[in-house]
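Please look through the sequence and the model before reading on.

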Amino acid sequence: MRHMSPARRVAIIVVAAVAIVAIGVAAWLVFGPGPLAFAGNSTVALADYHEANPTGVPADLAKADAIRRGEYLAKAADCMVCHTTPGGEAYAGGLAFPLPFGTLYSTNITSDKETGIGNYTDQDFLNAVQRGIRKDGARLYPAMTYTSYTFMTDADALAIKAYLFSLPAVHRPNQDDTLLFPFNQRWGMIFWSWAFNPNTRFAPNTAKCAEWNRGAYIAEALAHCGDCHTPRNLAFALDNRRKFSGAVAAGWRAYNITADKATGIGAWSDDEIFAYLAKGHAMGRGTASGPMGEAVDRSFSQMAPADIRALVTYLRSIPAVASSEPATIAAPAPTSPKEGGAVADALGRRVFAQACASCHSWTGVSALSPVATISGSRAVNDPTATNVAQIVISGTQRFSPGAMSMPAFGSTYTDSEIAAVANYVTGRFGSAASKLTAKDVADLRGQTAR
Amino acid sequence: MSSKHAIFSRRSVLQSGLAGGLVLAFPWPLRAAPVNEPEQPPDHPDGQFAPNAFIRIDNSGKTTLVMPQAEMGQGVYTAIAMILAEELDADFAQVMIEHGPPSDKLYGNPLFGVQVTGNSNSIRAFWDKLRNAGAAARTMLIAAAAAQWQVDAASCTAANGKVTHASSNRSLTYGEVADAAAKLPVPEKPKLKDPRDFTLIGKPLKRSDTPNKSDGKTIYGIDAMVPDMKFATLVQCPVLGGKVKHADDSAAKNLPGVRQVVVLDDLVAVVGDHMWAAWQGLNALKVTWDEGQNAKINSADIWNELRAASQKDGVVAKSEGDVNKGLAQGESFDAAYELPFLAHATMEPMNCTVRLSPDGCEIWTGSQVQSRAQQYAAKAAGLPIDKVKVYNHYIGGGFGRRLEADMVASAVRIAKEVSAPIKVVWTREEDMQHDVYRPAYRDTISASLSNGKIVGWKYKVTGSSVLARWFPVAFKNGLDGDAVDSAVDMPYDIPNKRVEYVRAETPAVTTGFWRGVGPNNNVFAIESFMDELARKANMDPVAFRLGMLDGTPRLKAALKLVAEKSGWGSPLPPRVGRGVSVQPSFGSFIATVVEAEVDDMGEVHLRRVTCAVDTGIAVNPDTIMAQLQGGLIFGLTAALWGEVTIEKGRVQQSNFNNYRMLRIDETPPIDVHVIKSGEHPGGIGETGATAGPPALRNAIYAATGVPLRRLPIDRSAIASKKA
Amino acid sequence: MTFSISINGTKHDVDVADDTPLLWVLRDVLGMTGTKYGCGIAQCGACTVHVDGNPLRSCLLPVGTIGSRAVTTIEGIGATEAGAKVQKAWLDREVIQCGYCQSGQIMSAAALLAANPHPDDADIDAAMAGNICRCGTYVRIREAIKSAAGEA
């Protein structure tokens with residue numbers, strides 16, 4: 001250093017300053033606020049909160065045993081949907097999550113001692129659910145949404161354990177993940193978890209009403225809405241500065257559910273949000289499909305109405321964030337197939353005439369059931385047509401009582417036909433036609449959990 | 001008599017004028033409480049002139065023709081009635097048509113000995129028998145009239161349901177002489193008409209069954225209604241061959257309209273007030289299955305087994321010349337072709353209505369095998385055959401699926417547990433996932449070329465034998481005659497050839513006849529390879545074939561005609577091709593040209609189909625055309641998309657969203673040219689299904705240069721741009 | 001629940017759950033079997049009826065949503081001008097084979113002609129592509145529609 005010229009010294013200082021600023025910016029980008037930071041810091045520990053308990057189960061279940069409470073909570077946390085393959089045994093795992101760098105498989109969380117979690121102590125279970133640490137000490141990937149479940153109370157988590165342990169043990173060995181280096185190094189998750197898992201229980205906000213707190217607990221600790229609806233940053237952590245403003249997860253678009261009137265759900269009535277969560281459909285707002293359809297079937301539709309109302313209250317409080325999707329929602333299309341958008345798309349129109357028009361009508365307003373109305377839905381107004389293509393490929397399999405399903409067309413229509421019909425549908429019923437190619441459709445097929 | 005008339009009339013169709021203005025025999029009430037009267041089989045037609053099993057004429061002159069074969073759209077009721085009426089000289093506009101009851105003895109197909117509508121056999125098998133039946137009746141009616149007039153029968157003539165003695169200007173209707181004719185002996189060898197005198201046969205005639213099909217009056221099996229009946233639907237194990245382990249019906253039973261849940265060893269049925277109630281009940285069942293060994297079977301395993309089996313030597317079905325010497329001459333080539341499992345997907349799903357009483361069983365269904373349906377029902381009901389009545393119906397698509405009677409047996413087994421008559425209707429999903437499937441086949445061919453001609457030909461079919469299961473007596477010495485049909489009799493002049501068959505039963509999958517049967521497979525492989533050989537020989541595919549068809553002149557003429565009508569050889573745009581195929585199958589000689597475009601993504605667009613057919617005497621030429629148009633679409637549908645796949649023992653296809661059908665907007669113009677011929681009538685119902693796929697495959701070969709060797713068409717193999 | 005529905009001009013009272021598809025009410029409750037079950041998922045068109053003149057797939061049409069709207073089935077379509085024309089053209093051109101899908105084909109074609117008396121090929125494609133015919137009568141269906149429209 002003694003021989004360093006002043007100019008060089010200045011240069012080093014500048015470089016160091018830039019580096020510090022860059023690190024700071026990077027840190028700011030990566031280490032964002034927590035999921036509840038938007039509501040301010042008037043929080044207290046649960047034990048010090050004197051309003052109605054926002055955790056646990058609805059009042060009529062409060063006196064039920066742990067198994068019954070755990071069933072409600074397991075459904076609210078929607079454990080099943082990731083830990084069960086289509087047609088497979090409940091909670092026996094094996095669902096594949098294809099990622100760009102390999103495939104992750106969900107695990108067996110039945111009480112089978114050999115292949116499930118039958119040997120887990122209460123503390124082992126809490127470590128996994130709240131901290132992302134397996135019984136053998138290995139780290140879980142954040143595909144397991146423990147950064148949300150960490151807000152769950154110990155009592156609630158252990159009730160879920162009691163419920164899982166009350167179900168039949170299923171012997172199904174876990175598959176090995178096929179991640180590439182360096183992603184296959186689970187120990188790396190120690191740092192990720194250290195950085196991004198708050199490892200803290202839910203703290204009620206005294207500036208908010210009891211219903212809001214209940215909604216917050218359900219949304220953040222149980223239903224883990226943000227894991228699909230909040231965009232992620234470069235470190236794969238949730239970017240809560242854009243909380244709930246929409247993202248693509250597992251090949252499906254999770255829409256903007258902030259209070260933004262144009263691109264979010266700010267223009268929806270409370271009843272519409274309630275109906276969408278409880279039944280998967282709100283008149284004129286479209287029908288829940290894909291992962292959200294599963295969430296409705298397996299989770300929201302099983303919740304007590306008061307809990308859904310609490311969720312609505314909570315969602316109403318999310319700050320509006322405008323997203324890049326177009327705000328325009330197109331009106332119904334003309335009755336005649338020869339009028340309206342995308343008329344020149346011969347292949348798309350052909351597929352629509354063959355497979356779609358019978359239910360969805362040429363106007364997009366179904367003459368059979370409001371559930372099948374596609375005009376006015378986000379999906380057809382999304383110019384990426386991500387969900388339109390996915391719905392054509394895999395249909396909508398609904399289990400809720402009275403719900404209509406849509407059959408899957410992915411095995412018989414080709415990628416170019418599906419691209420064409422998605423482009424036709426967005427062009428005819430949406431605000432702008434998508435420009436999917438056969439390759440895009442092939443990529444979408446590859447991204448879905450299966 | 002009168003009550004019997006009323007009963008017959010329910011299912012009978014009054015023929016009406018030939019020109020459009022069609023009259024209904026009986027008005028159709030909109031029934032608040034629907035009841036279809038059971039139809040009595042015409043077992044003992046007292047007081048009628050009934051010289052044989054096919055013709056009955058009562059005193060009023062009402063002429064009833066009993067149909068030995070099933071009408072499933074192929075127009076056979078009209079064609080059979082035309083043949084009978086032609087020789088009978090009946091007034092065709094007034095004849096009644098009636099579904100035949102089960103009886104191998106009376107209505108057995110002369111080629112099989114049992115009652116079966118299949119293999120495009122109705123007209124070609126029954127031709128002589130029906131003509132004889134009609135002529136015998138006419139001879140007796142004339143004799144009775146002549147006796148009454150005391151004139152020589154030879155001086156009398158018959159026409160339009162009347163006998164006339166021209167020289168005395170007297171005539172009697174058939175009704176007036178029916179009683180007298182009934183007392184006369186039945187002539188064994190009546191004099192048949194000279195075909196030149198045919199007034200019905202050979203001219204397009206309106207079908208007798210279509211008016212009631214145009215306004216919803218026709219009763220199919222699925223439409224049968226019996227007083228106090230309940231409605232049932234069923235679920236079988238998703239894994240083929242699996243059994244019921246446990247059925248939790250608590251949720252199902254509590255649904256409104258659900259009456260009963262029937263659990264049998266291999267299926268669970270829900271009985272309700274209507275199909276919807278039963279179906280909702282089915283959805284609410286929680287059944288655990290004993291899936292059995294088949295739960296391990298995947299399509300890939302099945303194909304591996306089939307490919308391994310095709311390496312074995314087969315049973316020799318045909319050998320001419322010295323095939324090894326032939327293959328050693330000139331240049332030799334090999335290829336293997338593969339065809340997938342296919343479902344029938346008849347538009348009318350499987351169904352059967354059953355009424356059981358302590359000493360009897362009645363069956364309402366649409367069957368291609370009425371007597372077998374009766375036998376299955378008797379066995380399931382534990383009753384003697386003569387206690388089972390089968391009322392056959394119009395069939396909403398057979399295609400071979402209704403050559404089986406499994407749906408009858410299961411319906412009777414369910415009915416045994418239910419105190420009311422029941423109609424069992426399968427859901428489309430159940431229909432598609434528990435079909436008997438067209439076998440998957442692998443065909444291996446070696447051929448040698450010398451001077452533009454084939455001099456050696458070795459052809460081997462490997463696949464499941466439908467015949468061995470369905471008609472064991474016909475499966476002899478390891479050889480399935482259907483599986484090598486159109487291969488042993490391939491039309492080309494080849495001095496040295498051998499055809500072999502390897503029976504390879506595929507695990508899990510029960511196979512069955514499917515429209516076009518064995519020839520579908522063989523004509524596809526042979527005609528595909530013919531195009532590849534033509535290219536090796538640097539010859540035009542039509543010219544190459546014409547050079548080897550001297551021994552089959554009727555086919556050669558058809559090929560020349562189709563080449564002319566299709567504009568063969570005229571220029572086409574890029575990626576558009578014409579493909580030809582010829583076939584000597586089912587006693588008909590057919591040549592077909594498909595013109596198709598393959599776009600950059602590998603999507604195939606049909607542009608035009610031309611077909612020339614010599615089917616011998618064309619009883620109803622318009623029906624011949626319709627059958628070919630429809631059969632071609634049936635075959636092209638399969639070529640474009642048809643494949644049933646198995647994963648973990650489960651059929652993956654379930655409904656029309658994943659088992660795709662050609663639709664009107666993908667259907668090209670189809671021109672069928674019927675060649676006039678005096679030869680014995682050939683079969684026609686299956687032929688189009690056989691003709692379409694190889695011609696399309698060859699069109700794609702011409703358009704892209706890609707020699708596809710497997711169906712359905714692999715778009716990725718023929719795309720010019722890769723996705 | 002009891003519903004009063006108008007079918008082919010006649011009122012029928014039926015006592016079924018409100019989500020019961022019209023198809024099964026017609027077939028199994030009222031015995032009007034001309035309307036056919038083919039797929040149950042609106043992919044084949046065999047169950048097509050008209051509701052206030054619009055062709056709808058009755059297999060997915062809950063009876064509770066029909067209200068006072070007029071239902072026309074294959075048994076009644078001959079009383080409409082377009083329906084009678086289509087039925088006649090179907091027989092003149094000898095479209096029908098097994099006939100099972102034809103109730104639906106005729107209902108779709110009648111709705112097309114009622115709304116558009118002179119359809120071109122693209123109109124026919126759009127209106128008829130939802131109806132499957134396994135016998136493959138499509139070539140003649142197209143011809144018959146054109147003939148019913150007085151164009152062939």
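## Two helices of chain B

Angles of 65 to 115 degrees count as roughly perpendicular. In this predicted model, the axes of helix α4 (residues 122–149) and helix α5 (residues 174–182) of chain B cross at roughly 90 degrees and come within 8 Å. α4(B) and α5(B) are therefore roughly perpendicular to each other.

On the α4(B) side, the residues that meet α5(B) are Met140(B), Leu141(B), Ala144(B), Ala145(B), Ala147(B) and Gln148(B). Their partners in α5(B) are Tyr174(B), Val177(B), Ala180(B) and Ala181(B). By class, this contact of α4(B) with α5(B) has nine nonpolar residues, one polar residue and no charged residues.

## Chain C against chain B

The contact between these chains takes 51 residues from chain C and 56 residues from chain B. On the side of chain C, the elements that give two or more residues are α1 (22–29), α2 (81–92), α3 (102–115), α4 (121–128) and α5 (138–148). Of these, α2(C) gives the most, with five residues. By class, the side of chain C that touches chain B has 26 nonpolar, 17 polar and eight charged residues.

## The two domains of chain C

The domain assignment of chain C gives domain 1 (2–72) and domain 2 (77–148). Taken over C-alpha atoms, the centres of domain 1 and domain 2 of chain C are separated by 20 Å. Their contact takes 15 residues from domain 1 and 13 residues from domain 2.

On the side of domain 1 of chain C that touches domain 2, β3 (48–51) and β4 (54–57) are the elements that give two or more residues. The largest share, three residues, comes from β3(C). By class, this side of domain 1 has five nonpolar, nine polar and one charged residues.

Note on methods: Residues numbered from 1 in each chain as written. Chains lettered and ligands numbered in written order. Predicted model: local features only at pLDDT ≥ 70, side-chain atom pairs only at ≥ 80, totals over all residues. Axes fitted to C-alpha atoms, helices over the stretch in contact; angles between N-to-C directions. Helix = DSSP H or I, 4+ residues; strand = E, 2+ residues; numbered from the N terminus. Parallel < 35°, antiparallel > 145°, perpendicular 65-115°, else oblique. Contact = placed C-beta atoms within 7 Å. Nonpolar A, V, L, I, M, F, W, Y, C, P; charged D, E, K, R; others polar. Domains from an automatic or database assignment.
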